[in-house]
Amino acid sequence: ASSLMGWQRLRFEITEDASPGVDGSRHAYTPTLGAFTAVIGVAGDIMIPEDRLRTAMLMSAQGRCVLEDELDKMLGRPWDEELEPFRYAGDGAPVRWLHAAV
């Protein structure tokens with residue numbers, strides 16, 4: 001994932017499934033949002049550390065953020081929304097051709 005981030009205009013998502021005794025991970029990157037990384041549990045859920053939740057709750061109580069927005073970021077929602085058009089593939093699916101201008 002770190003090597004791919006060097007390609008400034010590239011969008012990507014890499015997932016590693018959990019295996020016995022090891023949590024999985026998800027890495028996403030878009031040029032507008034930057035990098036997102038999350039730990040994925042055996043059931044496929046994003047695992048958010050308790051300290052991150054407590055910090056978001058404190059910041060919200062202090063009026064420094066909107067709690068729902070912080071939770072959306074922790075869950076990767078902005079990255080999901082930006083990457084969704086690139087995920088669908090199948091017979092007859094519309095194709096989006098990407099071209100680079102030099």
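Mentor: R54 is exposed, with a relative accessible area of 54%, where exposed means over 50%, buried under 20% and partly exposed in between, computed with a 1.4 Å probe on protein chains only. This is a predicted model, in which local features need pLDDT of at least 70 and side-chain atom pairs count only at pLDDT 80 or more, while totals for chains, interfaces and linings use all residues; pLDDT is the predictor's confidence in each residue, from 0 to 100. Residues are numbered from 1 along each chain as its sequence is written, and side-chain values use heavy atoms, with hydrogens and water left out.

R54 forms a salt bridge with E50, their closest N and O atoms lying 2.7 Å apart; the term requires a side-chain nitrogen of Lys or Arg within 4 Å of a carboxyl oxygen of Asp or Glu. Both residues belong to helix α2, four residues apart, or about one turn, helices being DSSP runs of H or I with at least four residues, numbered from the N terminus.

In helix α3, E70 and K73 are three residues apart, again about one helical turn, and they form a salt bridge at 3.1 Å between the closest N and O atoms. E70 is buried at 17% relative accessibility, whereas K73 is partly exposed at 43%.

Helix α4 holds R77 and E81, four residues apart, whose side chains meet in a salt bridge at 2.9 Å, N to O; R77 is partly exposed, at 43%. Beyond these pairs, E13, R26 and D80 are linked in a network of salt bridges, and the count by this rule comes to seven.

Conventions
Helix = DSSP H or I, 4+ residues; strand = E, 2+ residues; numbered from the N terminus.
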